[in-house]
Amino acid sequence: MMRKRNIITLALLAAGLSSQAQDVNKLIDRKDVERIIKTLSADDMQGRGTFTPGIDKAATFIESEFKKAGLQPLTGLTSYRQGFTAYRTSAVQKQVKLDGQMVPEANVVVIVGANFDWNNNTDVQVARITAEQNFQQEYRTYIRSGKKTLLIIDPKFGETFGFLKERFNSNVNMQAPAGTGTQQVVMVLGTYDNVKLFEVNYKTKTDNPGLFNVAGMIPGKSKPNEYVVFSGHYDHLGIIKPMEGDSIANGADDDASGTTAMISLAKYYKKLNNNERTLIFVAFTAEEIGGFGSQYFSKQLDPEKTVAMFNIEMIGKTSKFGQNTAFITGYERSDFGEILQRNLQGTAFTFHPDPYPQQNLFYRSDNATLARLGVPAHTISTDQIDTDKLYHSVDDEFSSLDAANITATIRAIALSSRSIVAGKDTPKRIAKLER
């Protein structure tokens, strides 16, 4: 009798899942997914660079999608734009000379500082990160030292140096103009051994431009003060060095794909109209130059009331685990992934732990700020980051993407998030990170 009852229960569960799968297949339409990505990654968006007309055009499009879906602005706002200001310091002169030899500007990154001249100053420490050392460990030591530092980086770390250059050459700061503190750090890529003489001349100009996230919400029915966040960043690199005549970094995978997923999920949950918890959908700005959009957003949200964050980044291609798979950064830090996978029982889709721990992806995306505050905030991705030759290039275009894979991943996120949205599951909190 008990065995028969279990069989009936399983049959009912399977029938329920089948019905939900049919709903998600109907409500998240592949043609609509393609339309959104194509629009966001089109040439007329000019690569959606922060502080450019292209990103403003992208924001206007996202706003129109939110309005058509019927989302509300965030509490206290009258529009979908969550605005804030930042201090932007641009270099007008950046010269480094080591032992009489001028260093190419492309091999110089100034992490902190404005309008300073060094000429063999005794209060400047000259240090090196060699090929044999742990880059992250050494880098953090010098950055946190509080000292003026000339840091020579071995060419082995060229890729990491490039990443830091993208992050810091814009010198955007949310607290105060760059250079108001005492620490100044200059990084130089190259094999400069036993530097005896150095000259650094750095001059800047500073302005105070506006930035904005694009965000909307669906209030929860029974648990309106508990929040579930779905996000992606809508900025990219803008116009970059031409390659075969093309200079637009379209950012189709990074992160028009994730922004499309967020918009599609907003439309899906608004149509269902059965969320018990409040759902927030946000397109972050300025991820590529330091994650400033997510940093500001996180400060406006009570982390203790934020149940989970589904940050979606680069789902445009098949993951290393094959079709119908994605990975979750920081999988081991909470039971978020286990809950999602449990909700996908009976489907072909599977979530996996991050296969690229050496890339430190958990703290390299917009989930990081809320994760540091204890929120089960994770990024879902399919990118094979260790071999992706289109990453941050002009060839990251819609034609390089797998629309079927993107649609399948969005549908899987919709199905796997349902128990969290319904207030039935609450992921375990992540250990807070002291900064």
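The expected span of a helix is 1.5 Å times one less than its number of residues. Keep that rule ready for the first stop. The model on screen is predicted.

**Stop 1: helix H3**

Select residues 53-69, which form helix H3. H3 has 17 residues, and 25 Å separate its first C-alpha from its last. That is close to the 24 Å expected. Now colour the buried residues of H3: Gly54, Ile55, Ala58, Ala59, Phe61, Ile62, Glu63, Glu65, Phe66 and Ala69. An α-helix has 3.6 residues a turn, so residues three or four places apart point the same way. Next, show what covers these buried residues. The cover includes helix H2 (30-40), E1, strand E11 (210-218), H6 and strand E15 (277-284). Step just past the end of H3 to Gly70, where phi is positive, at about 95 degrees.

**Stop 2: Tyr80**

Move on to Tyr80, in the loop between H3 and strand E1 (81-85). Is Tyr80 buried or exposed? Tyr80 counts as buried because its relative accessibility is 11%, and the cut-off for buried is under 20%. Show its contacts beyond four places in sequence. They include Glu63, Phe66 and Lys67, as well as Asn213, Val214, Ala215 and Gly216. Pick the C-alpha atoms of Tyr80 and Ala215: 5.1 Å lies between them, although the two residues are 135 residues apart along the chain. Then follow the side chain of Tyr80 to the backbone oxygen of Leu71, at 2.6 Å.

**Stop 3: Arg277**

Select Arg277 in strand E15. Its relative accessible area is 1%, so Arg277 is buried. Which backbone oxygen does the side chain of Arg277 reach? The one on Asp425, at 2.7 Å. Other contacts of Arg277 include Ile218, Glu226, Val307, Ile420 and Thr426.

**Stop 4: the nonpolar cores**

In soluble globular proteins, nonpolar side chains tend to be buried together. Here, the largest nonpolar core has 58 residues. Select Phe230, Phe281 and Phe310, which touch the most other members. Helix H6 (residues 252-272) gives this core its largest share, 9 residues. A second, separate core holds 19 residues, among them Tyr227, Ala371, Ala377 and Ile430. Go back to Phe310 and show its contacts beyond four places in sequence. Among them are Val228, Phe230, Phe336, Leu340, His378 and Ile413.

**Stop 5**

Most residues other than glycine have a negative phi, and most peptide bonds are trans.

- Asp255 belongs to helix H6.
- Met314: phi is positive, near 60 degrees. Met314 sits in the loop between strand E16 (306-312) and strand E17 (325-328), and is buried at 5% relative accessible area.
- His392: phi is positive here too, near 55 degrees. Find His392 in the loop between strand E19 (377-381) and helix H10 (403-416). At 12% relative accessibility, His392 is buried.

**Last stop: the whole chain**

Zoom out. The chain has 11 helices and 19 strands. Its C-alpha trace spans about 85 × 45 × 45 Å along the principal axes. Colour by burial: 52% of the residues count as buried. Of the contacts with a separation of 6 or more, 85% join residues 24 or more positions apart. Finally, show the surface.

Terms used:
Residues are numbered from 1 along each chain as its sequence is written. This is a predicted model: local features need pLDDT of at least 70, side-chain atom pairs count only at pLDDT 80 or more; totals for chains, interfaces and linings use all residues. Side-chain values use heavy atoms; hydrogens and water are left out. Helices (H or I, at least four residues) and strands (E, at least two) are DSSP runs, numbered from the N terminus. Buried means under 20% relative accessible area, exposed over 50%, partly exposed in between (1.4 Å probe, protein chains only). Contact means heavy atoms within 4.5 Å. A polar contact is a pair of N or O atoms within 3.5 Å; within protein, one must be able to donate a hydrogen and the other to accept it, and residues adjacent in sequence count only if both atoms are side-chain atoms. A nonpolar core is a set of buried Ala, Val, Leu, Ile, Met, Phe, Trp, Tyr and Cys residues joined through side-chain atoms within 4.5 Å.
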